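User: I would like to learn how to read a few features of a protein model. Please take them one at a time.

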Amino acid sequence: MKAFIILGFLFLSATVQAKVYERCELARALKRAGMDGFKGISLPNWVCLAKWESNYNTRATNYNRGDQSTDYGIFQINSRYWCSDGKTPRAVNACRISCNSLLQDDLSQAIACAKRVVSDPQGIRAWVAWRNHCQNQNLSQYIRGCGI
């Protein structure tokens, strides 16, 4: 019985810990998922965006008091427009997903939604962190040494 309790706690602690990607690990995952060049956005832009939005953390969240929305996941996708968290007033859910799916170690839902975001006219400029830290910068450092 004691062993089951210990295993239960170990399982529980493993399920709540975030996957924090290493820079090159994320770059390779994004490249495999077809993000390099998607809508004209280079891979270093995506890696820079993830660095400044979540520090490569899949479980990152940020509550925005002004509009009562929350940003979710490695790309900090907002619940006002892109996903449903069941608590954001007047949410649109343009990606047609639960915001919780953006907090998974598996990046497929986050990538699909990020692709949807940049397909809108604002493109990658929808992310404030990208505008503040990545736009018009030399981003080669974000994939340097990654072998891609």
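Analyst: Lys31 and Asp36 form a salt bridge, with the closest N and O atoms 3.4 Å apart. The term means a side-chain nitrogen of Lys or Arg within 4 Å of a carboxyl oxygen of Asp or Glu. This is a predicted model, where local features need pLDDT of at least 70 and side-chain atom pairs count only at pLDDT 80 or more, while totals for chains, interfaces and linings use all residues. Residues are numbered from 1 along each chain as its sequence is written, and side-chain values use heavy atoms, with hydrogens and water left out.

User: Which parts does the salt bridge between Asp105 and Arg59 tie together?

Analyst: The side chains of Asp105 and Arg59 meet at 2.5 Å, N to O. Asp105 is in the loop between β3 and α4 and Arg59 in the loop between α3 and β1, so the pair ties together parts 46 residues apart in sequence. Helices (H or I, at least four residues) and strands (E, at least two) are DSSP runs, numbered from the N terminus.

User: In what order do the strands of the open sheet stand?

Analyst: Strands pair if DSSP finds at least two bridges between them. Here the order is β1-β2-β3, with antiparallel pairing. β1 (61-64) and β3 (77-78) are at the edges with a single partner strand each, so one side of each has no neighbour in the sheet.

User: What is Leu30 in contact with, beyond its neighbours within four places in sequence?

Analyst: Contact means heavy atoms within 4.5 Å. Leu30 has such contacts with several residues, including Trp46, Phe75 and Ile111.
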